[in-house]
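I set down here, entry by entry, what I looked up in this structure. The notes are meant for a reader who meets it for the first time.

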Amino acid sequence: MTTSTPLIAGVVRAGKGDPVAAARVYVVDAPVSLPDIAALTGADGTFTIGVPAAGRYTLEANAEGWTPVRETIVAEPGINHIELRFGTRNA
Amino acid sequence: MSVQDYEVATTGPHAPVSNQPDIASEVIEELTEPSSPGADGEQAAAPGIEVEDVPGHRSLALAADPEIGFNLPITQLPDIGEASFGPPLPREETVHGPDDRTQVTNTAVYPWRAIASLFITAADNSTWIGTGWFVGPHTLLTAGHVVYIKNSGVPGRDGWVKSIQVMPGRNGTNLPYGSVTSNSFRSVDGWINNGDENYDYGAIILGTDLGNTVGWFGYQVLNDADLTASTVNIAGYPGDKPSGTMWFQANRVASVGPRKVYYDIDTAGGQSGAPVWRLVNGDRLGVAVHAYGGTVTNSGTRITSPVASNIAAWKA
C-alpha cells in the first residue's frame, strides 16, 4: 500500500499480547480537527485510520473490562504503525 | 428567528446525492417540521427551559450567566473548524478540560429514544461507531462522513458505506426499540465530491417507520444573531464511555460560521452525527449535526436553508 495520506495502522492487544476485537479506537489529540467517529478493531485486533495531515496524534483504545489506554505517534505520509496494549482490568 | 423555505438544489455543493438510483427526481414538500414525541409520551420540558433535564448534569450555560460572574465569549472565536486541513499548529482535543458530559439512562423516553447508536460497516468491511437522530418516520440525520467515507487513504474504503445498524435509544446492551439495518443513504455533492466539512451531513433511510414510535426532532434555520445567542443540547454515543451508552451536555453556542456551528461541549469519537438541538417551549429543534472535534470548541454542520430543504426531501 502506497499513499501520501498518513495512515495510522494499529493493533489493540491485552495482557500478554492477545488481540482485542471490537475495541473502540479514536483520536483524542491531533494537530487538526477530525471527524468525531471511532473505529472498531477487527477480529485480529487491527485497525487503520487515515488522518489528513502529518503530525502528532494521540489515540485511545477502550474496551469493556479494561482501563482505557493511550499512545502517541508522530504520523508521516504513508503507513505509521502503533500498538495499544491494555494492561489493567477494570474493577 | 426566521425559517425560510428554499427549493432543493439540483446543482452545486448542496445538490443531494444518493446511493439509490432514482433519488435525483425527489421533490421537496415542506422545509420545516416540528418535532414529534412519538407514541409513548415524552420527557417534560417547561416553557422557557432551554436545557434538557438530565439528573446530575451541571449546566455550563447557566454557569455562564453574567450575573454569576463568568462570561463565555460567544462571538469572534477562532474558526478552528476552518483549519481542519490546514497547518498542524494547534492541538485538537474533543474533551476540553474537565469532562462535563452526563450519562442519559432513561433512553427509552423521548427525546432520547429519537437518538440512535450506529454500527457502521464501510466498503472495506472496516467497522465504526457513530450517532444519528430521527427527523421523520423513516429518516435519520447524521454526518456525511458516517454514510460516505471520503479521503480515508485506505484502498477500498472510500465511498458509500455498506450498511448501518440503527439502534434507537440504546443503553448499553439494552435495545428498547430493537435495531434496524439500512443500506439506503443520502448526502450532498459538497461532501461526496469535495470532502468539504462545510457540507458534512447526510441521512439514513429506513425501510420501516420506526420514527412513528420513537418520535423525531424538528429542525430550525436561524440567523447568525439568534443562533449565536442560543443554548444547545448534544447527546450521542461516544466511544470513550461504556459501550453503547448515551451521554449528554448543554452549553451556549460559542460562535457560528456560514455553514458551521461551534460549541464548547465535550464529545468523543462515536458522537459524529449527533443532534445539536434547541429546546424551545418543549419543542426539540435541531440546528446542527455534530461532526468534528477541535481545539477549544467542537463543531457541527449548520442547518441552513439548503440543508433544511434536503432534510425535508429526505424525510418525505
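**Entries on chain B**

I began with B:Asp240, which counts as buried at 18% relative accessibility, because the cut-off for buried is under 20%. The model I am reading is a predicted one.

I next looked up the partner of this residue. B:Asp240 forms a salt bridge with B:Arg101, and the closest N and O atoms are 2.6 Å apart. I noted that the pair links distant parts of the chain, 139 residues apart. B:Asp240 lies in the loop between strand E13 (231-236) and strand E14 (246-256) of chain B, whereas B:Arg101 lies in the loop between helix H1 (60-63) and strand E2 (102-104).

I then asked what else B:Arg101 meets through its side chain. I found a salt bridge with B:Asp99, at 2.8 Å from N to O. B:Arg101 is buried, with a relative accessible area of 6%. For B:Asp99 I recorded 31%, and this residue is partly exposed.

My following entry concerns a second pair. The side chains of B:Arg157 and B:Asp124 meet in a salt bridge of 2.9 Å, N to O. B:Arg157 counts as buried at 5% relative accessibility, while B:Asp124 counts as partly exposed at 25%.

I then traced shared partners: salt bridges join B:Asp99, B:Arg101, B:Asp240 and B:Lys241 into one network. Searching the whole structure, I have twelve salt bridges over all chains.

I turned to helix H6 (residues 305-314) of chain B. Nine of its ten residues are buried, so the helix is largely enclosed by the rest of the structure. Among the buried residues I listed B:Val307, B:Ile311 and B:Trp314.

**Entries on confidence**

The mean pLDDT of chain B is 84, and 80% of its residues reach 70 or more. Over residues 1-5 of chain B the pLDDT is below 50, and this stretch has twelve contacts in the model beyond near neighbours in sequence. Residues 22-31 of chain B also have pLDDT below 50, with 20 such contacts. I remind myself that where pLDDT is low, the predicted coordinates should not be read in detail. For the model I noted ipTM 0.95 and pTM 0.86.

Notes:
Residues numbered from 1 in each chain as written. Chains lettered and ligands numbered in written order. Heavy atoms only, no water. Buried < 20%, exposed > 50% of the residue type's maximum accessible area, 1.4 Å probe, protein only. Helix = DSSP H or I, 4+ residues; strand = E, 2+ residues; numbered from the N terminus. Salt bridge = Lys/Arg side-chain N within 4 Å of Asp/Glu carboxyl O. pLDDT = per-residue confidence, 0-100. Contact = heavy atoms within 4.5 Å.
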